[in-house]
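Please read it alongside the sequence and the coordinates.

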Amino acid sequence: MGFWRVLLSIICPPLAVIDKGCGSIIIVFLLWLFGWVPGVIAALVIINNPKR
């Protein structure tokens, strides 16, 4: 997890997970619409997941 990826996930979470697949982008985008904090948390979890 790089510094720029973490910074991007704080500023705009859907852009941080754009290379993780369509499902991840949709989930993070919907959570981001419901609130900024859930979107950031979801993006950080998806970025930090070593199996993807």
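**Contacts and core**

Leaving out neighbours within four places in sequence, alanine 43 is in contact (heavy atoms within 4.5 Å) with Ser9, Pro13, Val17 and Val28. The model is predicted: local features need pLDDT of at least 70, side-chain atom pairs count only at pLDDT 80 or more, and totals for chains, interfaces and linings use all residues. Residues are numbered from 1 along each chain as its sequence is written, and side-chain values use heavy atoms, with hydrogens and water left out.

- The largest nonpolar core has seven residues: Ala16, Val17, Val28, Ala42, Ala43, Ile46 and Ile47. A nonpolar core is a set of buried Ala, Val, Leu, Ile, Met, Phe, Trp, Tyr and Cys residues joined through side-chain atoms within 4.5 Å.
- Helix α4 (residues 36-48) supplies the largest share of this core, four residues. Helices (H or I, at least four residues) are DSSP runs, numbered from the N terminus.

- Serine 9 is located in helix α1 and counts as buried, with 0% relative accessibility. Buried means under 20% relative accessible area, exposed means over 50%, and partly exposed is in between (1.4 Å probe, protein chains only).
- Not counting residues up to four places away in sequence, serine 9 touches Ala16, Val40, Ala43, Leu44 and Ile47.
- A polar atom of the serine 9 side chain lies 2.7 Å from the backbone oxygen of valine 6.
- Valine 6 is also found in helix α1, but counts as partly exposed at 24% relative accessibility.
- From C-alpha to C-alpha, valine 6 and alanine 16 are 7.6 Å apart in space, and they are ten residues apart in sequence.
- Serine 9 and isoleucine 26 are 17 residues apart along the chain, and their C-alpha atoms are separated by 14 Å.

**Salt bridge**

- Side chains of opposite charge can pair when their charged atoms come close.
- One salt bridge is found in a search of the whole structure. The term means a side-chain nitrogen of Lys or Arg within 4 Å of a carboxyl oxygen of Asp or Glu.
- The partners are arginine 5 and aspartate 19, whose closest N and O atoms are 3.1 Å apart. Arginine 5 belongs to helix α1 (residues 3-11) and aspartate 19 to the loop between α2 (13-16) and α3 (22-34), so the pair ties together parts 14 residues apart in sequence.
- Arginine 5 counts as partly exposed, at 28% relative accessibility.

**Cysteines**

- The count of disulfides (pairs of cysteine sulfur atoms within 2.5 Å) comes to zero.
- Cysteine 12 is in no disulfide, and the nearest cysteine sulfur, that of cysteine 22, is 16 Å away. That separation is too far for a bond.
- Cysteine 12 counts as buried at 17% relative accessibility, whereas cysteine 22 counts as exposed at 55%.

**Aromatic pairs**

- The structure holds two aromatic pairs. Rings of Phe, Tyr and Trp (its six-membered ring) pair if their centres lie within 6.5 Å; planes under 30 degrees apart count as stacked, over 60 as edge-to-face and the rest as tilted.
- The rings of phenylalanine 3 and tryptophan 4 have centres 5.1 Å apart and planes at 70°, so this pair is edge-to-face.
- Phenylalanine 3 and tryptophan 4 are both exposed.

Technical notes
Helix = DSSP H or I, 4+ residues; strand = E, 2+ residues; numbered from the N terminus. Polar contact = N/O pair within 3.5 Å; in protein donor to acceptor, adjacent residues only side chain to side chain.
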